[in-house]
Amino acid sequence: MEDFFQVGVITSTHGIRGEVKVFPTTDDPRRFKRLQEVILDTGKERLVLEVEGVKFFKQFVILKFKGMDNINDVEKYRRASLLVTRKNAVRLAKDEYFVADLIGLEVRDEDGGKIGRLQDVIETGANDVYDIELDDGRKLLLPAIRQCVLEVDIEAGYIRIHILEGLLDL
């Protein structure tokens with residue numbers, strides 16, 4: 001299971017007082033208002049930063065970090081990811097999962113036999129779609145609905161599914 005979750009990516013600086021413009025990669029950008037700290041992942045190192053201020057501008061979040069008070073302090077972090085720990089992640093409702101925890105899980109049929117592996121979760125307007133690579137080399141796009149997803153066991157590392165008639169027809 002993942003210990004860190006990406007919540008945004010710094011796209012650019014904002015003004016000259018050390019603020020950054022962040023493209024949110026979380027379902028709810030308003031969650032930034034409740035964050036006290038984030039982890040800045042530069043690719044080479046991870047720095048814990050205290051969030052001092054949060055504003056919203058169009059589809060972006062404008063963040064101000066404590067101790068970074070001018071443009072020179074933040075300019076070098078362009079394109080860096082902002083992460084939160086699992087402890088600071090949003091609370092999930094029953095039958096909700098973090099995408100990072102689902103990817104890579106073994107996929108089993110109704111009887112428990114291994115049939116493939118979950119490669120990706122595609123977010124659509126209505127419901128998510130699981131991109132499954134089957135053991136026979138085919139690809140299955142399975143809607144993540146109760147009729148298809150029978151059981152998810154993150155700890156045991158598998159998803160048990162029912163394939164609706166017609167989903168595997170070519």
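In what order do the strands of the open sheet of 6 strands lie, and what kind of pairing do they show?

Modeller: The model is a predicted one. In the open sheet, the 6 strands follow the order 10-9-8-7-12-11, and their pairing is mixed. Strand 10 (139-143) and strand 11 (149-153) form the edges, each pairing on one side only. From one strand to the next, the twist averages 30 degrees.

Within this sheet, strand 7 (residues 106-108) and strand 8 (residues 114-122) run antiparallel and are joined by 3 bridges. In soluble globular proteins, nonpolar side chains tend to be buried together.

E106 and R108 form a salt bridge, with their closest N and O atoms 2.7 Å apart. E106 counts as buried because its relative accessible area of 16% is under the 20% limit. R108, by contrast, is partly exposed, at 23%. A further salt bridge connects D136 with R138, the closest N and O atoms lying 2.9 Å apart. Here D136 is exposed, with a relative accessible area of 51%, while R138 is partly exposed, at 34%. The structure holds 14 salt bridges, these two pairs being among them.

Terms used:
Residues numbered from 1 in each chain as written. Predicted model: local features only at pLDDT ≥ 70, side-chain atom pairs only at ≥ 80, totals over all residues. Heavy atoms only, no water. Pairing = 2+ DSSP bridges. Helix = DSSP H or I, 4+ residues; strand = E, 2+ residues; numbered from the N terminus. Axes fitted to C-alpha atoms, helices over the stretch in contact; angles between N-to-C directions. Salt bridge = Lys/Arg side-chain N within 4 Å of Asp/Glu carboxyl O. Buried < 20%, exposed > 50% of the residue type's maximum accessible area, 1.4 Å probe, protein only.
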